[in-house]
Amino acid sequence: MDLKDNVILNHKEIQHKIRRIAFQIYESNVDEPEVIIAGIGNNGFVFAKKLKAVLEKISDITPVLCKVIIDKKNPLSEISTSLSPEEYTNKSVVLVDDVLNSGTTLIYSVKHFLNVPLKQFKTAVLVNRNHKKYPVKADFKGISLSTSLHEHVEVDFKGKAHQVVLE
């Protein structure tokens with residue numbers, strides 16, 4: 001099967017979704033001087049950087065980037081962030097990942113942030129797969145897909161032409 005047949009989102013559509021999610025984040029934080037954009041691991045962090053860039057263009061909010069380091073194969077292991085807990089205490093935080101599959105990575109990352117008092121906590125994903133085994137939801141999502149458990153969604157942020165592919 002040709003990979004082009006399985007493209008869920010092309011580069012232009014991804015850019016549109018990023019912009020729309022950035023506006024939603026802005027709307028929910030309109031009274032905040034800054035918002036922490038916490039990207040999970042590799043692709044979630046790339047997605048977070050893209051959201052930060054758009055937020056800087058469309059609002060006067062200062063978006064602060066934070067990398068969430070989690071072992072996706074062993075989410076019970078220690079989770080760390082590029083910011084200290086003091087830097088996001090009593091702030092608005094948006095936890096960002098590329099794909100919400102079972103919710104495991106997102107729920108353990110949420111748990112990490114619950115150790116400090118926050119002003120507001122939201123989640124954002126580019127693709128929501130609707131296969132949750134945990135009660136976690138995406139407050140902001142680019143697209144929702146109903147897929148089989150055997151299918152794999154791959155977000156490709158490499159190069160100039162980004163895409164989301166169903167494998």
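So, one definition before we start: helices here are DSSP runs of H or I with at least four residues, strands are DSSP runs of E with at least two, and both are numbered from the N terminus. With that in hand, Thr 123 is found in strand E6, residues 120-128. We'll come back to it in a moment.

Some housekeeping. This is a predicted model, so to speak of local features we need pLDDT of at least 70, and side-chain atom pairs count only at pLDDT 80 or more, while totals for chains, interfaces and linings use all residues. Residues are numbered from 1 along each chain as its sequence is written, and side-chain values use heavy atoms, with hydrogens and water left out.

Okay, the overall picture. The protein chain has 4 helices and 9 strands. Reading from the N terminus, the order is β-α-β-α-β-β-α-β-α-β-β-β-β. The radius of gyration is 15 Å, close to the 15 Å that the globule rule gives for 167 residues, so the chain is as compact as a globular protein of that length. That radius is taken over C-alpha atoms, and the rule is 2.2 Å times the number of residues to the power 0.38. Along its principal axes, the C-alpha trace spans about 50 × 35 × 25 Å.

Now, what share of the 167 residues is buried? It's 45%, where buried means under 20% relative accessible area, exposed means over 50%, and partly exposed is in between, with a 1.4 Å probe and protein chains only. And contacts, meaning heavy atoms within 4.5 Å: if you take those with a separation of 6 or more, 70% are between residues 24 or more positions apart.

On charge, there are 23 positive and 20 negative side chains, and the centres of the two sets lie 2 Å apart. Lys and Arg count as positive, Asp and Glu as negative, and His and the chain ends are not counted. Each charge is placed at NZ of Lys, CZ of Arg, CG of Asp or CD of Glu.

Back to Thr 123. Buried or exposed? Buried, with a relative accessible area of 3%. Leaving out residues up to four places away in sequence, Thr 123 touches Val 94, Leu 95, Leu 106, Val 110, Lys 137, Ala 138, Asp 139 and Phe 140. A polar atom of the Thr 123 side chain also lies 2.6 Å from the backbone oxygen of Lys 137. I'm calling that a polar contact: a pair of N or O atoms within 3.5 Å, where within protein one must be able to donate a hydrogen and the other to accept it, and residues adjacent in sequence count only if both atoms are side-chain atoms.

Next stop, helix H4, residues 104-113, which is mostly covered: 8 of its 10 residues are buried. Among them are Leu 106 and Val 110, and both of those are on the Thr 123 contact list. What do the buried residues of H4 pack against? Strands E2 (34-40), E3 (62-69), E4 (80-81) and E5 (92-100), helix H3 (85-88), and E6.

Beyond its sequence neighbours up to four places away, Thr 105 touches Ile 40, Ile 70, Lys 72 and Asp 97.

Either side of H4 there are loops to look at. In the one between E5 and H4 sits Asn 101, partly exposed at 33%. In the loop between H4 and E6 we have Val 116, buried at 15%. Val 116 touches Pro 85, Tyr 88 and Thr 89, again skipping residues up to four places away, and its C-alpha is 5.9 Å from that of Thr 89.

Last one: Asp 98, in strand E5. Asp 98 is a charged residue by the counting I gave, and it is buried, with a relative accessible area of 9%. The side chains of Asp 98 and Asn 43 are joined by a polar contact of 3.1 Å. Outside four places in sequence, Asp 98 also has contacts including Gly 44, Phe 47, Lys 72 and Val 155.
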